[in-house]
Amino acid sequence: VRAEEHSGWSYVTGEEKDGAVIYDYLKEATLDDMVSVLLTKREGRRVEELVDDFYRVFLSSAQESEEYHGEQFAEVFGPQRCPGKKKCCKNLDIDLIFDNIFCRNGAYEVIDTEWVFPFEVPVEYVMWRVLNELFYKHPGLSQIVSHQGLEEKYGITPEDAEVFKEWEIHFAYQYVGSYGL
């Protein structure tokens, strides 16, 4: 079932039945599956193109803001602040990791949408999460793609990365209460 369609992507939603939510089984490849294949073929440029397309489809509509770090944001991510303006989106799913994105009929479908917040979130943070997940899950990726180069491309400074680590820790331990992350 498709709902909340956007340009080039949609969330996969379920249907309630007998007190449970039922989802269609997705047989298509995830973006992470695609990275695995490209890594095996040592096609670093194509991995970068996939990351670029992800950014274009999901995050390129962001607007610069200095006002994102409000009370709601601080409750979820903590008091640490990044210097300067950040590109932000409201209602942004912070868990847009490549394992949660399927490609079907030329469009992306997103699962695991419980971490969408009604306030501005910097897209640099989401990209930081995406890149960290990719390079952690695929250790050989750093042999064909520069992690630091991608961070620089998407405006993630070393100072930002340190703050994003703090946000991630606060989110996991204080907001979610997941000590296993």
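**Figure 1. The buried residues of helix α6 pack against α3, β6, β10 (116–117), β11 and α4.** The structure shown here and in the other views is a predicted model. Within α6, the buried residues are D160, A161, V163, F164, W167, E168, H170, F171 and A172. The helix has a kink of about 25 degrees, and the kink is centred on H170. The 19 residues of α6 should span 27 Å at 1.5 Å a residue, and the end C-alpha atoms lie 26 Å apart, which agrees.

**Figure 2. F77 and its contacts.** Neighbours within four places in sequence are left aside in this view. The remaining contacts of F77 are I94, F117, F119, V121, Y125, E166, W167, H170 and F171. F77 and W167 are both listed among the residues with the most contacts inside the largest nonpolar core.

**Figure 3. The largest nonpolar core contains 52 residues.** The residues with the most contacts inside this core are F54, F58, L59, F77, F98, M127 and W167. At least two core residues come from each of β2 (9–12), α1 (31–40), α2 (44–58), α3 (71–77), β6 (86–89), β9 (107–110), α4 (123–137) and α6 (158–176). The largest share, nine residues, is supplied by α4. In soluble globular proteins, nonpolar side chains tend to be buried together.

**Figure 4. Helix α2 and its surroundings.** This helix has 15 residues. From the first C-alpha to the last, α2 reaches 21 Å, close to the 21 Å expected at 1.5 Å a residue. G44, V47, L50, V51, F54, Y55, V57 and F58 are buried in α2. The elements that cover these buried residues include β2, α1, β6, β8 (101–104), β9 and α4. F54 and F58 are also among the residues with the most contacts inside the largest nonpolar core.

**Figure 5. Strand β9 and the strands paired with it.** β2 and β9 run parallel and are joined by three bridges. S10 has E109 in β9 as its bridge partner. β8 pairs with β9 in the antiparallel sense, over four bridges, and I101 stands opposite V110. A hairpin is formed by β8 and β9, with two residues between them. In the turn, N105 has a positive phi of about 55 degrees. A107 and E109 point one way from β9, whereas Y108 and V110 point the other way, and all are buried.

**Figure 6. An open sheet of three strands has the order β5-β6-β11.** The pairing in this sheet is antiparallel. β5 (63–65) and β11 (121–122) stand at the edges with a single partner strand each, so one side of each has no neighbour in the sheet. Three bridges join β5 to β6, and Q63 stands opposite C88 in β6.

**Figure 7. Cysteines in a structure with zero disulfides.** The closest cysteine sulfur to that of C89 belongs to C88, and at 7.7 Å it is too far away for a bond. C89 has a relative accessible area of 11% and is therefore buried. C103, at 25% relative accessibility, counts as partly exposed.

Notes. Residues numbered from 1 in each chain as written. Predicted model: local features only at pLDDT ≥ 70, side-chain atom pairs only at ≥ 80, totals over all residues. Heavy atoms only, no water. Core = buried A, V, L, I, M, F, W, Y, C linked by side-chain atoms within 4.5 Å. Buried < 20%, exposed > 50% of the residue type's maximum accessible area, 1.4 Å probe, protein only. Contact = heavy atoms within 4.5 Å. Pairing = 2+ DSSP bridges. Expected span 1.5 Å × (residues − 1). Bend = angle between axes of the 7 residues up to and from the residue. Disulfide = S-S within 2.5 Å.
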